[in-house]
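Open the model in your viewer and keep the selection tool ready.

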Amino acid sequence: PEGDLHFAPRAELREVLRSFFAHSGRRVHISSELAVYYPDEERFVPDLFAVRDVESHSRDKWVVSAEKRGLDWVLDVTTTGERYKSLEQNLRRYARLKIPEYFFFDRSRGFLRGYRLFDATMGIYQSIPSRNGLIRSEVLGLDLAVENRRLRFRHGNAELLSLPEVFERLGARVDEISLLNEEEVLARVEAEQLAAEESRMHQETRQRADDAERRMSEAEQRVDEETQLREAAEGRADRAEKKLQEAIAEIERLRRDLDARG
């Protein structure tokens, strides 16, 4: 037994694969640390294995004669670097049992190798080449890669995440959205304050315009009143002048009458 350092990555990879195939609709059984029995073979316990086209329910062991299916894919994980002798033994065993693919991952060294059955009749494995750091599993329909000494599965350009990683990224996204919301709220408040200030300035400008218009109307009214007063005064002056002329004419007439009487 290799302890938590061995159990944790194996359990994480198992749950990642189970979740992926549960959502993909493919009937793939994923198990770890389950005893496997092939006819006329010693029992062995792979770290992780997959079997296609079977129901994925809990089992205590995998008996090939009862399941009518052998393993399709096996992964061994080591964290101590002391199991390379097991790698050689497993390569011979799994090839003899005609298991289509076998992967070996040394977490302590970030070492990953994949093997695919080259000749099923003779039971010969061929190393799967790495392309751009990815090793393709045709059985799973996934790519495997090592990132920071962690084994990762990829489906196309998408990385398969464990449940804690999903929650972690969701939390980071929520924080990002919350921060964006705070920024949006601040921007909205600033916009509202700016709009209120512009409205206030507009009202003040309108008020000043109304006051100026009112003062102009009052001035025009005063001018009209002064004009009316001036015109009234001029009319009274004209009437007074007329009466004065009439009085002068009357005096002249009376004087002439007096002169005529002698």
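Predicted model: local features only at pLDDT ≥ 70, side-chain atom pairs only at ≥ 80, totals over all residues.

**Whole protein.** Show everything. The protein has 262 residues, and 30% of them are buried. Of the contacts with a separation of 6 or more, 52% join residues 24 or more positions apart.

**Main core.** Select L17, W73, L75, F103, L140 and F153. These have the most contacts inside the largest nonpolar core, a set of 24 residues. Now colour the elements that each supply at least two residues of this core: α1 (4-24), β1 (28-31), β3 (48-52), β5 (73-78), β6 (101-106), β10 (142-147) and β11 (150-155). The largest share, 5 residues, comes from α1.

**Second core.** Next, select W62, L71, L87 and I99. They are among the 21 residues of a second, separate core.

**Around L140.** Go back to L140. Which residues is L140 in contact with, leaving aside neighbours within four places in sequence? They are L17, F21, R26, A50, W73 and F153.

**Surface patch.** Finish outside. Select F118, M122 and I124, which form a nonpolar patch on the surface. Together they have about 340 Å² of accessible area. I124 lies in strand β8, residues 124-127. Its relative accessible area is 34%, so I124 counts as partly exposed.

Definitions and conventions:
Residues numbered from 1 in each chain as written. Heavy atoms only, no water. Patch = residues over 30% accessible without salt bridge, like charges linked within 9 Å, V, L, I, M, F, W, Y side chains within 5 Å. Areas by Shrake-Rupley, 256 points an atom, 1.4 Å probe, with all protein chains shown as cover. Salt bridge = Lys/Arg side-chain N within 4 Å of Asp/Glu carboxyl O. Helix = DSSP H or I, 4+ residues; strand = E, 2+ residues; numbered from the N terminus. Buried < 20%, exposed > 50% of the residue type's maximum accessible area, 1.4 Å probe, protein only. Contact = heavy atoms within 4.5 Å. Core = buried A, V, L, I, M, F, W, Y, C linked by side-chain atoms within 4.5 Å.
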